[in-house]
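My entries follow in the order I made them.

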Amino acid sequence: MDSQLLRFTHTNPSVKPLHFPHFRSFTDPRFIRVSSSLSFPSGLVSKRIIKCAMKSYKLSELSHTEVESLKARPRIDFSSIFGMVQPIVDDVRSRGDAAVKVYTEKFDKVKLEKLVENVSELPYPELDPTIKEAFDVAYDNIYAFHLAQKSAEKNVENMKGVKCKRVARSIGSVGLYVPGGTAVLPSTALMLSVPAQIAGCKTVVLATPPGQDGSICEEVLYCAKKAGVTHILKAGGAQAISAMAWGTESCPKVEKIFGPGNQYVTAAKMMLQNSEAMISIDMPAGPSEVLVIADKHASPVHVAADLLSQAEHGPDSQVVLVTAGDGVDLKAIEEEISKQCQSLPRGDFASKALSHSFTVFARDVVEAISFSNLYAPEHLIINVKDAEKWEGFVENAGSVFLGQWTPESVGDYASGTNHVLPTYGYARMYGGVSLDSFLKYMTVQSLTEEGLRNLGPYVATMAEVEGLDAHKRAVTLRLKDIEAKHASIAR
């Protein structure tokens with residue numbers, strides 16, 4: 001999940017980075033981009049200065065308290081953000097479409113005539129065949145994986161005449177937020193709309209910021225039409241979340257809101273789920289993150305690429321490298337990070353993310369995974385020999401990527417798993433978006449006369465213990481009717 005504008009302050013000042021003579025620091029001048037007016041050994045020249053630095057820690061030399069503090073993320077300060085978002089939430093509630101249009105013009109510099117589009121009335125956009133094929137493959141894989149999550153309804157007869165079951169029903173109306181700030185994310189449109197489609201949600205509102213001409217991103221529209229989205233709200237930020245939560249003249253009110261976003265989107269979701277809007281949200285959101293466990297068999301090129309793939313999301317992203325055992329070529333990894341970062345269009349974002357990220361040295365894979373379970377990353381890459389055998393040791397992670405041929409990018413786009421995942425350590429108690437996220441479950445019980453006679457006396461006893469006489473009578477009065485009926489038949 002990408003939340004690119006969240007502000008942060010460090011929360012683990014008690015842990016001092018360790019420096020090892022045999023490991024070259026990322027701050028080595030040879031691995032820092034310098035301006036074109038300066039010379040440096042590698043011969044690389046850039047107009048930007050990009051530093052790729054990560055602190056280092058050795059687990060065996062840290063106290064329990066210091067290890068614990070490493071799991072802390074950069075702290076998100078919402079105190080001032082709530083103050084800015086609340087007036088927007090209130091204004092959208094009272095003025096509806098008019099307020100959303102004002103904020104869209106103010107923040108996105110777009111003046112809209114029509115705020116909401118009915119997707120069925122829009123033609124399919126004409127995409128480049130290669131792009132269309134990529135999204136079609138992603139759709140098929142995501143659909144197949146989430147369809148497989150459907151569970152068969154089970155009836156259980158707990159005792160003679162007492163039948164119970166659990167049935168699923170789709171959430172009637174859902175809102176899907178697809179960011180469009182520093183990067184357009186049509187993949188998120190697929191990740192959210194496909195499970196909603198399988199679940200059978202009747203109203204699906206997708207909110208995404210409009211282009212400068214007021215248009216909808218063609219790839220987002222293609223994914224929306226393919227996956228059964230009913231409405232597209234051409235707005236972003238807190239105003240879009242508010243419109244879906246309260247409902248406006250043109251935007252249907254939804255019952256649950258999904259999707260990542262910046263600090264204003266996150267704040268609006270948090271505020272509205274505890275308001276009279278009566279909505280729920282998918283999960284707590286935070287900046288993107290990845291933890292990579294690598295041993296001596298891991299390719300430095302691949303490790304560096306995986307770290308940068310999350311660091312480029314934004315300056316508040318966090319990446320963690322955990323080396324497992326001896327023989328890891330850290331110097332080669334550092335050189336690759338520097339080399340690859342220099343050529344990234346979003347290299348500035350990546351370098352800022354690396355500045356508050358870190359490397360951990362573990363004695364072996366067991367210690368590495370133990371630390372990962374403590375950290376509970378959004379994405380966990382296990383790039384070690386025989387990676388599959390370590391899956392059972394993983395307790396806390398949003399999504400896991402096993403082996404040298406499984407980059408995190410495949411999960412972000414097209415393997416089939418969902419990329420809307422818990423961040424900020426919430427993988428300790430939350431899972432990512434799934435088919436179940438779009439369903440609600442009801443329990444159903446049905447008792448026969450025999451069933452009540454079998455179970456009723458126990459229920460009456462428990463109600464009496466709790467002093468709830470009406471509960472007891474709801475059972476005993478029925479039992480008396482049963483006895484009377486049988487007595488009359490016997491006569």
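I took accessible areas from the Shrake-Rupley method with a 1.4 Å probe; for residues, only the protein chains shown count as cover. On that basis the protein chain exposes about 23,400 Å², and carbon and sulfur atoms supply 54% of it.

This is a predicted model, in which local features need pLDDT of at least 70 and side-chain atom pairs count only at pLDDT 80 or more, while totals for chains, interfaces and linings use all residues. I numbered residues from 1 along each chain as its sequence is written, and side-chain values use heavy atoms, with hydrogens and water left out.

Entry: the whole chain. I listed secondary structure as DSSP runs numbered from the N terminus, helices being H or I of at least four residues and strands E of at least two. The protein chain has 15 helices and 17 strands. I called a residue buried under 20% relative accessible area, exposed over 50% and partly exposed in between (1.4 Å probe, protein chains only). Of the 491 residues in the protein chain, 51% are buried. I counted a contact where heavy atoms lie within 4.5 Å. Among contacts with a separation of 6 or more, 78% join residues 24 or more positions apart.

Entry: helix 2 and helix 3. I noted that two packed helices are described by the angle between their axes and the distance between the axes. Axes are lines fitted to C-alpha atoms, for helices over the stretch in contact, and angles run from 0 to 180 degrees between N-to-C directions. Helix 2 (residues 79-95) packs on helix 3 (residues 97-108) at about 140 degrees, with the axes 6 Å apart. The two helices are therefore oblique to each other; under 35 degrees counts as roughly parallel, over 145 as roughly antiparallel, 65 to 115 as roughly perpendicular and the rest as oblique. From helix 2, P87, I88, D91, V92 and R95 meet D97, A98, A99, V100, V102, Y103 and F107 of helix 3.

Entry: A267. I found A267 in helix 8 (residues 263-272), where it is buried at 0% relative accessibility. Not counting residues up to four places away in sequence, A267 touches F78, I81, F82 and V85. A267 and V85 are 182 residues apart in sequence, yet their C-alpha atoms are 7.1 Å apart.

Entry: helix 6. In helix 6 (residues 218-226) I listed V220, L221, Y222, C223, A224 and K225 as buried. These residues pack against helix 4 (129-147), helix 5 (186-199), strand 8 (203-207) and strand 9 (231-233). Just after helix 6, G228 has a positive phi of about 80 degrees.

Entry: S170. I placed S170 in strand 6 (residues 162-170); S170 is buried, with a relative accessible area of 16%. Leaving aside neighbours within four places in sequence, S170 contacts A199, G200, C201, F438, L439 and K440.

Entry: positive phi outside glycine. K109 has a phi near 60 degrees. K109 sits in the loop between helix 3 and strand 4 (116-118) and is exposed, with a relative accessible area of 60%. D386, also not a glycine, has a positive phi of about 55 degrees. I found D386 in the loop between strand 15 (379-383) and strand 16 (399-402), partly exposed at 47% relative accessible area.
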